[in-house]
Amino acid sequence: MMTRLESILSEIKNAKRIYRDRAANEVLNNSEFTEELVQLVLDSTSKFHVKAAWTLELVFLAKPAIITPHLNTWCSKLDSIKNESALRPIAKICRGLVAKERKNQPKFLLTTEQKEKIVEASFNWLISGAKTATQVFAMDSLYSCSDEFSWIKENLKDILQKDISSKSHGYVSHARKILQKMEKELI
């Protein structure tokens, strides 16, 4: 038998925004769904895994602090997610968690260990051949963490320079932006 949240997620017919918005609004209006939603996102064996990831992305964008009580679980399971349809929203949430520049958003007090887990997952997404959107979000996360972990910049720079000639236009464009930001910091 399905839980109430699973029933809501089952109504997402495809990735169209209208379906994802309905599910996200249900979660935003019923905070008791949050823990189960995070668990479904992190359970790649669940048939609701991808739909939960799509939903959590929108919930996070609307109310970023909603994930705060679940950060340990979130960060500890990032490396277990392999489904590309779930990775894109997961990588986007990670980018939001570590973002350098925030406008009217809470600062997340991530532990060093949590940030390390996001960094590790982001490097894995960047070098494992994930789709472009996931890699772009990974680049942003790594760049945001590079002030705290100085070793990131050189590794990120090496990867981006090595891959820039063989990747998609979207990857190349974003990689150039990140490389330019890092170059400006050296001046």
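The buried residues of helix α8 are covered by elements that include α6 (84-98), α7 (112-127), α9 (151-163) and α10 (169-186). In this predicted model, α8 comprises residues 132-145, and 12 of its 14 residues are buried, leaving the helix mostly covered.

**Helix α8**
- The buried positions of α8 include the run Thr134, Gln135, Val136, Phe137, Ala138 and Met139.
- Asp140, Ser141, Leu142, Tyr143, Ser144 and Cys145 are likewise buried in α8.
- At 1.5 Å a residue, the 14 residues of α8 should span 20 Å, and this agrees with the 20 Å between its end C-alpha atoms.

**Overall fold**
- The order of elements along the sequence is α-α-α-α-α-α-α-α-α-α.
- The radius of gyration of the protein chain is 17 Å, which agrees with the value near 16 Å that a compact globule of 187 residues would have.
- Along the principal axes, the C-alpha trace spans about 55 × 35 × 25 Å.

**Packing and contacts**
- Of the 187 residues in the protein chain, 47% are buried.
- Among contacts with a separation of 6 or more, 65% join residues 24 or more positions apart.

**Surface and charge**
- The protein chain has an accessible surface of about 10000 Å², and carbon and sulfur atoms contribute 49% of this area.
- The chain carries 29 positive and 23 negative charges, whose mean positions lie 7 Å apart.

Methods:
Residues numbered from 1 in each chain as written. Predicted model: local features only at pLDDT ≥ 70, side-chain atom pairs only at ≥ 80, totals over all residues. Heavy atoms only, no water. Helix = DSSP H or I, 4+ residues; strand = E, 2+ residues; numbered from the N terminus. Rg over C-alpha atoms; globule rule 2.2 N^0.38 Å. Buried < 20%, exposed > 50% of the residue type's maximum accessible area, 1.4 Å probe, protein only. Contact = heavy atoms within 4.5 Å. Areas by Shrake-Rupley, 256 points an atom, 1.4 Å probe, with all protein chains shown as cover. Lys, Arg positive; Asp, Glu negative; His and termini not counted. Charge placed at Lys NZ, Arg CZ, Asp CG, Glu CD. Expected span 1.5 Å × (residues − 1).
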